[in-house]
Amino acid sequence: MSKKKAHHEEHIDETWLIPYADMLTLLLALFIVMFAMGQIDQEKLRSLSEQFNIIFSGGEGVLEQDGISVIPMQNVSAQDNSGKTDEEDKMNEIKRNLEQEIENRGYSDKVKVTLNREGLQITIQDGVLFNSGEAEILEKVFPLLIHITGMLKNLDNSIKVVGHTDNVPIRTQKFRSNWDLSAMRAINVMNFMIEEGKLNPNKLSIQAYGEYMPKYDNSTEVGRAQNRRVEIFIVRNYPLEDN
């Protein structure tokens, strides 16, 4: 009986699959770019650019918002650092200017300006802005608010106006709760900055916390007075990293 010949299967080289898969990825990317370039919607192009930045994060460049231009990665990094430095310089300049203006007007004990990793915060105690339990802005503080608004006009940062109260309950014909009071105070300050200070309304938003975000002890009159406040918060476009 003849012996069967041993059959040796040759191992098929599959290394070609890797460049083939890369080629398919690039073809898909090209297809998406060609599709996007035929669209008018800039929002789609912006979203596409962001997605390509993620997909090709290991590459040498990123797409501009027009979906066509490419910026070298080192230039992007330089622009980012430059923007962060410029923003920090502007916020420090505004802080110094406002602190001087606040001191000149005799509000140093009731209006504070702080700069932190999220942005620039101007804290105004309610006695400067309003009568007790009311939300109408007092005329005596108009010049200070105009000055603050003027300092913020040339910034492209978002600005939040935030209302706070103490924990003493309020229920009147105007305000059902401290939440209502804090919201209306924030709205009135925002409207003043838009109508009288001519600030771009696209930059502005409000928040209202009522009694629920105290900074000081509400069990004392001093603490309650400090908790009744309005904050004007300029949000950084380039947040600082934690140390």
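Glu231 lies in strand 7; strands (E, at least two residues) and helices (H or I, at least four) are DSSP runs, numbered from the N terminus. The model is predicted: local features need pLDDT of at least 70 and side-chain atom pairs count only at pLDDT 80 or more, while totals for chains, interfaces and linings use all residues. Residues are numbered from 1 along each chain as its sequence is written, and side-chain values use heavy atoms, with hydrogens and water left out.

Glu231 is buried, at a relative accessible area of 7%. Buried stands for under 20% relative accessible area, exposed for over 50%, and partly exposed for what lies in between (1.4 Å probe, protein chains only). The side chain of Glu231 makes a polar contact of 3.2 Å with that of His164. Such a contact is a pair of N or O atoms within 3.5 Å; within protein, one must be able to donate a hydrogen and the other to accept it, and residues adjacent in sequence count only if both atoms are side-chain atoms. Not counting residues up to four places away in sequence, Glu231 touches Gln121, Ile122, Thr123, Lys160, Val161, Val162, His164 and Lys215, where contact means heavy atoms within 4.5 Å.

## Strand 4 and its partners

Strand 4 covers residues 119-125, and seven of its seven residues are buried. Strand 4 and strand 7 (residues 229-235) run antiparallel and are joined by seven bridges; two strands pair if DSSP finds at least two bridges between them. Within this pairing, Ile122 stands opposite Ile232 of strand 7.

Strand 4 also pairs with strand 3 (residues 111-115), in the antiparallel sense and over five bridges. Leu115 has Leu120 of strand 4 as its bridge partner. Strand 3 passes to strand 4 by a hairpin of three residues.

## Leu181 in helix 6

Leu181 belongs to helix 6 and is buried, with a relative accessible area of 5%. With neighbours within four places in sequence set aside, Leu181 is in contact with Gly133, Glu134, Ala135, Thr165, Ile170 and Phe175.

## Lys198

Lys198 sits in the loop between helix 6 (178-195) and strand 6 (204-210). The phi of Lys198 is near 60°, a positive value in a residue other than glycine. Most residues other than glycine have a negative phi. Lys198 is exposed, at a relative accessible area of 58%.

## A nonpolar surface patch

Met23, Leu24, Leu27, Leu30 and Met34 form a nonpolar patch on the surface, with about 480 Å² of accessible area together. Patches are made of residues with over 30% relative accessible area and no salt bridge; like charges are joined within 9 Å, and nonpolar side chains (Val, Leu, Ile, Met, Phe, Trp, Tyr) within 5 Å. A salt bridge is a side-chain nitrogen of Lys or Arg within 4 Å of a carboxyl oxygen of Asp or Glu. Accessible areas come from the Shrake-Rupley method with a 1.4 Å probe; for residues, only the protein chains shown count as cover.

Leu24 is placed in helix 1 (residues 17-37). Leu24 is partly exposed, with a relative accessible area of 42%.

## The chain as a whole

The protein chain holds seven helices and seven strands, in the order α-α-β-β-α-β-β-α-α-β-α-β-α-β from the N terminus on. Of its 243 residues, 33% are buried. Its accessible surface comes to about 16000 Å², and 54% of this belongs to carbon and sulfur atoms. Among contacts between residues at least 6 apart in sequence, 63% join residues at least 24 apart.
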